[in-house]
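Today I want to look at pockets and helix packing.

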Amino acid sequence: MKESHEKLRMMMVTALFAALIGILAQITIPLPLVPITGQTLAVGLAATILGSRYGTSSVLLYLFIGAAGVPVFAEMSGGLAKIFGPTGGYLLSYIPTVYITGLILEKTRFTVPMAFLANVIGMILTLVIGTVWLKYISSLSWTVAFASGFAPFIIVGILKAFLASWLGITIRSRLASANMLPKKNATLSR
């Protein structure tokens, strides 16, 4: 009985994080090819708070909802055309990004410095995958793809990595104290 309550609770938390990603996606700063959005902050929070398994589940749910046409992607967009369009690589990169970021924390420690390192690695992974996708889908040169899909996001990405780390560890600590995380994932080291 207790195990089924834990599964239900984590399904609800996973759904809430999918919704959070969709909400933060609407915070955008338009740029010519790829906007700056709050999606990557939300993905970092999901990884830092939920870890690899449930963080990945929340990203997959978010992507499935968006692929089905619900306007949860940046600028209230959705649909398969968005996933297979020029910025689709960034969206699809969230899957390995959240998994690897969460896994790094699970294999080391859930501390702000480790979360920052894991989120920076995740940010770089997102930018690399997204930039490569942008280059090929939009038939851009490497120079143009880097200048429009990678370089403008480095400073903002580092700031988001810090926010995801600090907020994520703080929220994770509170959720663990309230017994809102599975016991095997609730261990904290601040």
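Before anything else, a term I need: a crossing is left-handed if the near helix is turned anticlockwise from the far one by less than a right angle, and right-handed if clockwise. I also remind myself that this is a predicted model.

**Entry 1: α1 against α2**

With that term in hand, I looked up how α1 passes α2, and the crossing is left-handed. I then checked the geometry: the axes of α1 and α2 lie 9 Å apart, and the two helices pack at an angle of about 140 degrees. Angles over 145 degrees count as roughly antiparallel, so I have to log α1 as oblique to α2. I sorted the residues of this contact by class and found 19 nonpolar, five polar and no charged ones.

**Entry 2: α4 against α5**

Next I turned to α4 and α5, whose axes cross at roughly 155 degrees and come within 8 Å. That angle makes α4 roughly antiparallel to α5. Which hand does the crossing of α4 with α5 have? I noted it as right-handed. For the contact of α4 with α5, my tally by class reads 16 nonpolar, 10 polar and no charged residues.

**Entry 3: the largest pocket**

I read off about 450 Å³ for the largest pocket. I listed 33 residues in its lining, and those that lie nearest the centre are Thr37, Thr40, Tyr94, Thr126 and Lys160. Which elements each supply at least two residues of this lining? I wrote down β2 (36-37), α2 (39-67), α4 (88-107), α5 (112-137) and α7 (154-177). By class, the lining of the largest pocket divides into 19 nonpolar, 11 polar and three charged residues.

**Entry 4: the second largest pocket**

I went on to the second largest pocket and found about 200 Å³ of space there. Its lining has 11 residues, and I marked Glu6, Lys7, Met10, Arg53 and Tyr54 as the closest to its centre. Two or more lining residues come from each of α1 (2-24) and α2. Which of the elements gives the most to this lining? My note says α1, with six residues. I made the class tally here too: four nonpolar, two polar and five charged residues line the second largest pocket.

**Entry 5: cross-reference**

Terms used:
Residues numbered from 1 in each chain as written. Predicted model: local features only at pLDDT ≥ 70, side-chain atom pairs only at ≥ 80, totals over all residues. Heavy atoms only, no water. 1 Å grid on protein atoms, 1.4 Å probe; cavity = no way out; pocket = protein on both sides within 12 Å on 5 of 7 lines; lining within 4 Å. Points joined across faces, edges and corners; volume = space filled by probe spheres on them. Helix = DSSP H or I, 4+ residues; strand = E, 2+ residues; numbered from the N terminus. Nonpolar A, V, L, I, M, F, W, Y, C, P; charged D, E, K, R; others polar. Axes fitted to C-alpha atoms, helices over the stretch in contact; angles between N-to-C directions. Parallel < 35°, antiparallel > 145°, perpendicular 65-115°, else oblique.
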